[in-house]
Amino acid sequence: MKSDIFPATLQDLIEEFNKLPGIGRKTATRLAIHILKVNPEEARALAQAIIRVKENIRFCSVCYNITEEDPCPICRDPARNQRQICVVEDPTDIMMIENTHEYNGVYHVLGGTISPLDGIGPEDLRIKELMKRLDNVDEVILALNPSTEGETTSIYLSKLIKPLGIKVTRLARGIPLGSNLEFIDELTLSKALRSRQEI
Ligand SMILES: [Zn+2]
């Protein structure tokens, strides 16, 4: 629903902000007005940051983390334990776990969880890619969100991986059910990681 109060270019900007997650119409309008007020350099810096992110960021071909260089710095780091893989849903989960400074292995980003209701099956996730990485691995840590979908996916993966003789663990309970890793504080997450349990 467009209004005629503002010039078309400003309305376009409001529309674009409104498409962003968590940005309602009111906030979108406030942001657009804010952009209108900042000096041209600041506005240009924002626009360029958006373009640069799209042009320079890609997925790591090993772990599917977002990166500017492929493989990503975590996969390339010789100090990291390549025999330990932490499986997460999204790249943002990697940042959360890195912030705990509790983990020194590598990661694998699934790109979501199994969710029949949303039509997402195992073949829609990077499970095949994970299985190909398991040759020299001692432990797979399942750090999926404690949702029904996260649980289903954890069970599915453990059934695939355990028969290979690899230890499969998951984050300890204590993370509130239905919550998202993104919103859990570092202390809780590092505790859950440290006291992870074998499935
Ligand atoms: Zn990587």
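1. Four donors count as tetrahedral if all angles between them lie between 85 and 135 degrees. In this predicted model, the zinc ion has 4 donor atoms with angles of 105 to 115 degrees among them, so its site is tetrahedral by that cut-off.

2. The protein donors are the SG atoms of Cys60, Cys63, Cys72 and Cys75, lying 2.3 Å from the zinc ion. Along the sequence, these donor residues follow the spacing C-x2-C-x8-C-x2-C. Distant parts of the chain are linked by the pair Cys60 and Cys72, which are 12 residues apart. Cys60 sits in the loop between β1 (58-59) and β2 (66-67), while Cys72 belongs to the loop between β2 and α4 (73-76). Both Cys60 and Cys72 are buried.

3. The largest nonpolar core holds 39 residues. Within this core, Val87, Ile97 and Leu157 touch the most other members. At least two residues of the core come from each of α4, β3 (81-88), α5 (91-100), β4 (105-109), α6 (127-131), β5 (139-142), α7 (148-161) and α8 (186-194). The largest share, 4 residues, is supplied by β3.

4. Leu157 deserves a separate entry. With its neighbours within four places in sequence left aside, Leu157 is in contact with Val87, Leu110, Ile127, Leu130, Leu142 and Leu144. One of these partners, Val87, is itself listed with Leu157 among the residues that touch the most other core members.

5. Another core, of 5 residues, lies apart from the largest one. Its members include Ile14, Phe17, Ala28 and Ala32.

Notes: Residues are numbered from 1 along each chain as its sequence is written. This is a predicted model: local features need pLDDT of at least 70, side-chain atom pairs count only at pLDDT 80 or more; totals for chains, interfaces and linings use all residues. Side-chain values use heavy atoms; hydrogens and water are left out. Donors are N, O and S atoms within 2.8 Å of the metal (3.2 Å for Na, K and Ca); water is not among the atoms, so sites may look incomplete. Four donors count as tetrahedral if all angles lie between 85 and 135 degrees; four count as square planar and six as octahedral if opposite donors are over 155 degrees apart and all others between 65 and 115; anything else is irregular. Buried means under 20% relative accessible area, exposed over 50%, partly exposed in between (1.4 Å probe, protein chains only). A nonpolar core is a set of buried Ala, Val, Leu, Ile, Met, Phe, Trp, Tyr and Cys residues joined through side-chain atoms within 4.5 Å. Contact means heavy atoms within 4.5 Å.
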